[in-house]
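Please read them beside the sequence and the structure.

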Amino acid sequence: MSDANDKLDQAIGRETGEGRFQVAISSGGVQFFADEPKSAGGLGSGPNPYQLLGSALAACTTMTLRLYADQKGWPVEDIRTAVGHRREQGGKPADLFIRHITFSGDLTEEQRARLLEIADRCPVHRTLTASARVETKADELAPTCDGEDAHMADMEALISVGRRSFDFTD
């Protein structure tokens, strides 16, 4: 599904020729499908693009909270982040991601509240709320990307002020 030229720090989507919308995704050294549900004319063989975006937010939130809790030495046993998406007519912006986070462990109410504050500072949350830019080019050249460890560096900025452009100390 992927070429030897595919780099780990890129996400590459290619039509499979199966069904109308099925796309083979290569990212981070793994391959999977994105698709639309059968009810929308797809094969239902993978998450749709909004589900993938929600998955990125859920993963980043969970990872960031784990890093923060571990650095604080807090007794967080499990973190679960569920993310859904909907479009609200009249909303500014119309796209809304709804995130529900649950923690297990012997945490104080103050610790739980702080973890919810930190969730709003995860790198993907900041990307979504800052209105990222997209440049589109018609060529076969590989896009210039941050290295595959850039996300980890962004999360570590929660702990070490001054790395990259984040300040999470307040």
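Which residues form a nonpolar patch on the surface? The points below begin with that matter.

1. The model is predicted: local features need pLDDT of at least 70, side-chain atom pairs count only at pLDDT 80 or more, and totals for chains, interfaces and linings use all residues. Residues are numbered from 1 along each chain as its sequence is written, and side-chain values use heavy atoms, with hydrogens and water left out.

2. The nonpolar surface patch consists of Tyr-50, Leu-53 and Leu-128, which together have about 240 Å² of accessible area. Patches take residues with over 30% relative accessible area and no salt bridge, nonpolar side chains (Val, Leu, Ile, Met, Phe, Trp, Tyr) being joined within 5 Å and like charges within 9 Å. A salt bridge is a side-chain nitrogen of Lys or Arg within 4 Å of a carboxyl oxygen of Asp or Glu. Areas follow the Shrake-Rupley method with a 1.4 Å probe; for residues, only the protein chains shown count as cover.

3. Leu-53 belongs to helix 1 (residues 49-72); helices are DSSP runs (H or I, at least four residues), numbered from the N terminus. Leu-53 counts as partly exposed because its relative accessibility is 35%; buried means under 20%, exposed over 50%, and partly exposed in between (1.4 Å probe, protein chains only).

4. Met-63 also lies in helix 1 and, at 44% relative accessibility, is partly exposed. Leaving aside residues up to four places away in sequence, Met-63 touches His-151 and Met-155, contact meaning heavy atoms within 4.5 Å.

5. His-125, in helix 3 (residues 123-129), is buried, with a relative accessible area of 16%.

Methods: Helix = DSSP H or I, 4+ residues; strand = E, 2+ residues; numbered from the N terminus.
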